[in-house]
Amino acid sequence: EYMGLLIPPSSMALAHQANGKRLLLRYLRNTFFSPSGPRRHRHYKKKWAATNPQATSTRVALQVFDMNYGDQFGSLWPSIRISLLSMQKYGALVNNFSDVEQVVQSLEDLSAVDFVQESQKVTEELDSSIEEDDSVPTSSPQIQTELSKTQEQHFLYVNHNIKCYTFPKGDISRFRQARPDIIGVLGYYLLDAASILPVLALNVQPGNLVLDLCAAPGGKTLALLQTRYCCELTANDVSMSRTVRLRNVLRSYLPKEIQNTVRVTSSDGRNWCHTETGTYDK
């Protein structure tokens with residue numbers, strides 16, 4: 001009512017009033033007139049999934065690892081566990097067929113170090129400390145022969161042409177993807193640095209014929225070529241799709257004249273001994 005005039009309520013106001021009455025009646029009916037009593041006093045069955053969530057496969061695997069390897073490695077296992085769960089760190093294998101000086105300078109500007117050459121320095125320091133240690137008797141010819149053999153084994157597998165840069169321990173930085181240089185080849189190849197160790201252990205000599213039986217995706221094949229000792233290299237992989245990837249890697253990192261020294265095949269390695277037995281040196 002406004003100034004003596006009776007104004008009928010709008011349809012929207014009537015709808016709100018009806019909705020409010022309906023909600024009030026529903027609340028009273030459920031609270032006071034329900035056969036099972038007030039809803040707040042009901043007892044619900046606990047859902048197992050809400051109170052005890054199922055363990056994921058990753059969690060189960062970690063529990064198994066903790067039980068098995070925790071006993072084997074003891075106090076070393078926590079640090080090993082962290083490294084396994086951390087993001088993988090890659091090494092940058094320098095491509096000797098590119099502008100090496102520029103590539104090395106760019107990697108060293110990132111505070112990366114060549115772990116192959118650093119390991120050689122550590123070996124030299126260990127050998128020099130053994131020679132200077134007076135407590136070790138070296139006058140015997142037999143002992144001198146054993147020391148010389150040990151030194152030869154230390155330096156036998158280090159090839160100065162292989163350069164692989166990694167970030168120091170504790171540095172989780174990542175290398176960016178390599179870019180083509182002025183001749184169109186990429187400056188470095190990113191791979192797990194441990195892949196370099198089999199190449200060093202193979203001890204390729206000048207003029208060797210080398211077979212890489214499981215070559216794809218191409219990291220170890222490139223490392224073998226960096227030695228500049230392979231007279232001919234056969235890169236094989238049983239998977240056709242991985243062989244295609246291997247060819248693409250070789251085209252991206254090698255000049256055409258070096259690509260001609262690499263033979264790419266796709267055969268089952270188990271049958272290789274029946275086809276080219278005694279062909280390769282390594």
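What we are looking at is a predicted model, in which local features need pLDDT of at least 70 and side-chain atom pairs count only at pLDDT 80 or more, while totals for chains, interfaces and linings use all residues. Residues are numbered from 1 along each chain as its sequence is written, and side-chain values use heavy atoms, with hydrogens and water left out.

To stay with Thr243, this residue belongs to helix 10, residues 240-253. Helices here are DSSP runs of H or I with at least four residues, strands are runs of E with at least two, and both are numbered from the N terminus. Not counting residues up to four places away in sequence, Thr243 touches Asp237, Val264, Thr265 and Ser266; contact means heavy atoms within 4.5 Å. Its side chain also reaches the backbone oxygen of Asp237, at 3.3 Å. That is a polar contact, meaning a pair of N or O atoms within 3.5 Å; within protein, one must be able to donate a hydrogen and the other to accept it, and residues adjacent in sequence count only if both atoms are side-chain atoms.

Let me now turn to the chain as a whole. It has 11 helices and seven strands. Of its 282 residues, buried ones make up 27%. Among contacts between residues at least 6 apart in sequence, 69% join residues at least 24 apart.

Which residues does Lys89 contact, leaving aside its neighbours within four places in sequence? They are Phe167, Pro168 and Asp171. Lys89 and Asp171 are 82 residues apart in sequence, yet their C-alpha atoms are 9.4 Å apart in space. The side chain of Lys89 reaches the backbone oxygen of Asp171 at 2.8 Å, and a polar atom of that side chain lies 3.2 Å from the backbone oxygen of Pro168.

Next, a helix pair. The axes of helix 3 (residues 57-73) and helix 4 come within 9 Å and cross at roughly 140 degrees; axes are lines fitted to C-alpha atoms, for helices over the stretch in contact, and angles run from 0 to 180 degrees between N-to-C directions. Helix 3 is therefore oblique to helix 4, given that angles under 35 degrees count as roughly parallel, over 145 as roughly antiparallel, 65 to 115 as roughly perpendicular and the rest as oblique. From helix 3, the contact is made by Leu62, Phe65, Asp66, Tyr69, Gly70 and Phe73, and from helix 4 by Trp77, Ile80, Arg81 and Leu85.

Finally, some points of backbone geometry. The peptide bond from Ala216 to Pro217 is cis, with omega near 5 degrees. Pro217 lies in the loop between strand 5 (208-212) and helix 9 (219-226). Ser111 is not a glycine, although its phi is positive, at about 70 degrees; this residue is in the loop between helix 5 (100-109) and strand 2 (113-114). Arg228, in the loop between helix 9 and strand 6 (230-236), has a positive phi near 65 degrees.

Key: Buried < 20%, exposed > 50% of the residue type's maximum accessible area, 1.4 Å probe, protein only.
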